[in-house]
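Visitor: I've got this one open on my screen. Can you walk me through it?
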Amino acid sequence: MTVHDTRIPARAPLYGPAFDSDPHATYRMLRQFGPIAPVQLAPGFDGCPQGITGWLVLDYDVALHLLRDPQTWSKDPRGWESTLPADNPLQPMLGHRPNTLFTDGPEHARLRAVVTDSLALIDTGRLRTDVQQLADQLIAQFSRDGHADLIAQYTRPLPGLVFNNLFGGEQYGPDLVNALGGMLDADPQRAVAAGAAFFQYVTTIVTTKQNRRGPDLASWYMDHPHALTQEEVTHQVVLTLGAALEPLSASIGNAISRALADRQRYTDLTNGTVAARTAVEEVLRSEPPMANYGCHYARHPVQFYGAPIHPAEPVLISYAAINAELPTTEGSGGAHLAWSAGPHACPARQPAMLLAVTAVERLLNALGDLDLAVPREQLTWRPGLFQRSLAALPVRFSPLH
Ligand code: HEM
């Protein structure tokens, strides 16, 4: 059997209970294809009985080659989208919007500079204080109970409240948090209503800031010399929140759950032998919140490490599979791809680390005898190929009085 042998019948699905509970078993199986493997991204649906196929890059050097070669690879999904019904299940994550994630070349540089220049204006000291205060307020809401679901009550609302402050949202923080919670609702109608509430939140922020600027990200996006239209500002705000909140929640939740599953590690973290930053770094490497993304399209038919890639096929980078194969070095942790690389690498590492590390520190310092309510192997993960994030994180602790 040769690599990419057309006789290999099935493409491995990146969905379903088996993939969701142990994605690494699928990644190991896919390595038989070499550094890039054919995959099934979504099952068949009305208007597309064969489902959605694509490719998954599993090797660090091959991923860097792709991520750093915008001459061959584009981020613009519109060629692929034109082959599918508009309501396809990957549309929310992969469908085109005029933001920095889905643009190339000068247009990408123009939009990305607005985001990076504005993030650079964040006052780090104020951000740390905000995270501490908001974390303490959330912890106070459950600290007398002796138990909590840290995803619903801490890791998910905290980044939402912090970013509401960063965008100058003031009293609208709870609106954002409610919308975010609802967007994960299993009931499709409630999820759609929450999506509309999220968009309403962003519209409110943008229209309010049009009339009343402040020292916040929304105002800095508007006042940037690249002179974005109001619609462009709205799209970059939606992207920033979309890109920030889920991976932040996942990195905090994954770091806390790993620490609690290993009592020695928990002791080391609470007595200061190991820093919370190390716990977050470890999660980025071993359980990257963005598990598979970095979606690219060949600008023309190309043979890529033996894989015959057609322009209308999504090629994704498996940050999770790649990180799992990289050698670790004690202390620094070594290289990893959790932030991606190349022109579309995450522009927010610094504020993201500050927020995640402070959130972990604050929780571990506030509560004594924190423990998982069920063994870590029994925790459930949110379905989906893009993120590695817990559905719930039930914990027990000594109630505070
Ligand atoms: C631990 C938290 C985070 C992780 C692990 C993470 C990871 C990533 C990754 C892997 C990408 C590449 C996207 C792709 O694969 O196509 C990315 C892009 C991006 N991230 Fe983050 N991110 C985090 C937090 C944030 C935060 C807090 C913000 C906002 C302040 C943010 C804003 C963005 C934006 C705007 C992009 C698109 C950049 C572009 O296309 O030029 N991220 N991030």
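Predicted model: local features only at pLDDT ≥ 70, side-chain atom pairs only at ≥ 80, totals over all residues.

Visitor: What radius of gyration does the protein chain have, and what would a compact globule have?
Guide: The protein chain has 21 Å. That agrees with a compact globule, because 401 residues would give a value near 21 Å. The C-alpha atoms fill a box of roughly 65 × 50 × 40 Å along the principal axes.

Visitor: How much of the protein chain is buried?
Guide: Buried residues make up 53% of the 401.

Visitor: And the contacts, what share comes from residues 24 or more positions apart?
Guide: 71%, counting contacts with a separation of 6 or more.

Visitor: Where is Cys346 found?
Guide: In the loop between helix H16 (319-325) and H17.

Visitor: H17, then. How do the axes of H7 and H17 cross?
Guide: At roughly 35°, and they come within 9 Å. H7 covers residues 124-142 and H17 covers 349-366.

Visitor: Left-handed or right-handed crossing?
Guide: Right-handed, as H7 passes H17.

Visitor: Which residues make the contact?
Guide: From H7, they include Leu127, Val131, Ala135, Ile139 and Phe142. From H17, Leu354, Leu355, Ala359 and Leu363 are among them. Arg128 and Asp136 of H7 also take part, as does Arg362 of H17.

Visitor: How do the contact residues divide into nonpolar, polar and charged?
Guide: 11 are nonpolar, 3 polar and 3 charged.

Key:
Residues numbered from 1 in each chain as written. Heavy atoms only, no water. Axes fitted to C-alpha atoms, helices over the stretch in contact; angles between N-to-C directions. Helix = DSSP H or I, 4+ residues; strand = E, 2+ residues; numbered from the N terminus. Left-handed = near helix turned anticlockwise from the far one by under 90°. Contact = heavy atoms within 4.5 Å. Nonpolar A, V, L, I, M, F, W, Y, C, P; charged D, E, K, R; others polar. Rg over C-alpha atoms; globule rule 2.2 N^0.38 Å. Buried < 20%, exposed > 50% of the residue type's maximum accessible area, 1.4 Å probe, protein only.
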